[in-house]
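Hi there,

Here is the structure we talked about, with my notes below it. Have a look at the sequence and the model first, and then read on.

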Amino acid sequence: MPPRLRLRPLSHVFDAQLALKPYTCRSCGYATAVASHSQSSSAPLSRYAPSQPPSHRDPKYRKSQLIRSYVSLLQTTPLIILFQHNSLKATEWTGIRRELSSALSILDQQLLAEGADPSSLIGQYIKLQVINPSMFEPALRITEYYKPGDASLSPVESPNGIRSEKDDPALTHALSTSAYRAIQEHKNEHPLTPLLTGSIAILTFPTVSPQHIKTAFSILSPKAPHFPAPPRRLRPSLYDPPVQDGLKKLMLLGARIDGQVFDMEGTRWVGSIDGGIDGLRAQLVAMLQGFSASVTNTLESASRSLWFTMESRRTQMEEEANPTAKSSEETK
């Protein structure tokens, strides 16, 4: 058998090179390398690659990767609608997703025919997915309460005074120690925390579009008069038993819209805005015009009442200054 070679790790070789310093002999003039104990106080080399920074949660586990994906989803998605589902079967999920995708595709075709901007056609990017509530809740707290660079998040030092690489404040990713310590102070404080119990599914939108919300509600949570379900003659596949059985197990809980939490009624109100974003702009313009008209009337009423007061006082002073004219008028 060939002899076994014992190779030292590369990090030990680097440490050995750092621990050696050149020494020049005065008698012979040759330079030699001797071990220096003074180098032991220098900062140790990092054992982590830049693409794999130290983490409080071990990134090898699936739960850690779920938190990372949920944080990214919450940071990039302005509209998330929450549903509670009760043991839906695979065939039921398939039918519901098929009907939802078909309805959104038809809406995009109608908007395109009306001359809408192609960037507003987001039907293909709206997704219905099942989440893990126990991992989604800390991701919510990281998104809402963790602010990198906060001075209050001071690094933690070990008893011997040497700080661990995991506690480096420069590490600001979702699985870092600073993020973990930041959310520990806000347990059960998020308004959506009471809703994240049981089986949860979310409907994600890349932009806030009331028209697409209305179409999605007409499939997932139909309710007259604002969200009527399509009639059977137009969408017979919607009334298949697997689809209807699955829809009965879905219940609307609420939504997170641009960082704000809406309850069930508030979410339906956003979806019931006529005309979508353009309709919302029209309502805002009408509200501002009405407000300006009311302000104008208020200012005019104040100046008008002042004018009437001054006019009546002027007439009274003229009568008091010239009583003969008043008596002659009364005689006539």
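Is F227 buried or exposed? F227 is buried, as its relative accessible area is 3% (buried means under 20% relative accessible area, exposed over 50% and partly exposed in between, with a 1.4 Å probe and protein chains only).

Before the rest, a word on what you are looking at. This is a predicted model, in which local features need pLDDT of at least 70 and side-chain atom pairs count only at pLDDT 80 or more, while totals for chains, interfaces and linings use all residues. Residues are numbered from 1 along each chain as its sequence is written, and side-chain values use heavy atoms, with hydrogens and water left out.

**Aromatic pairs**

Searching the whole structure turns up two aromatic pairs (rings of Phe, Tyr and Trp, the last by its six-membered ring, pair if their centres lie within 6.5 Å; planes under 30 degrees apart are stacked, over 60 edge-to-face, and the rest tilted). One of them joins Y70 and F136 edge-to-face, with 5.4 Å from centre to centre and 70 degrees between the planes. This pair links distant parts of the chain, since Y70 is in helix α2 (residues 62–76) and F136, 66 residues away, is in helix α4 (residues 133–145). Helices (H or I, at least four residues) and strands (E, at least two) are DSSP runs, numbered from the N terminus. Y70 counts as buried because its relative accessibility is 8%, and F136 counts as buried at 1%.

F217 and F227 form an edge-to-face pair because their ring centres are 5.3 Å apart and their planes are at 90 degrees. Here F217 belongs to helix α6 (residues 210–220) and F227 to the loop between α6 and α7 (241–248), ten residues apart. F217 is buried too, at 0% relative accessibility. The charged end of R268 sits over the ring of F217, 5.8 Å from its centre (the test is NZ of Lys or CZ of Arg within 6 Å of the ring centre and within 35 degrees of the ring normal).

R268 is itself among the buried residues of helix α8 (residues 264–271), along with G266, T267, V270 and G271. Their cover includes β3 (79–85), α6, β6 (250–257) and β7 (260–262).

**The cores**

Which residues touch the most other members of the largest nonpolar core? In this core of 29 residues, they are I81, F83, L128, L203, F205 and L220 (a nonpolar core is a set of buried Ala, Val, Leu, Ile, Met, Phe, Trp, Tyr and Cys residues joined through side-chain atoms within 4.5 Å). At least two residues of this core come from each of β3, α3 (90–113), β5 (200–205), α6, α7 and β6. A second, separate core has 25 residues, including I67, A139, I183 and I202.

L128 lies in strand β4 (residues 127–131) and counts as buried at 7% relative accessibility. Beyond four places in sequence, its contacts (heavy atoms within 4.5 Å) include W93, L100, L203 and L220. L128 and F205 are 77 residues apart in sequence, with 9.5 Å between their C-alpha atoms.

**Where to be careful**

The chain averages a pLDDT of 77, and 67% of the residues score at least 70 (pLDDT is the predictor's confidence in each residue, from 0 to 100). Confidence is highest in β5, at 95, and lowest in strand β2 (residues 31–35), at a mean of 44. pLDDT stays under 50 over residues 27–45 and over residues 153–162. Where pLDDT is low, the predicted coordinates should not be read in detail.

Best wishes
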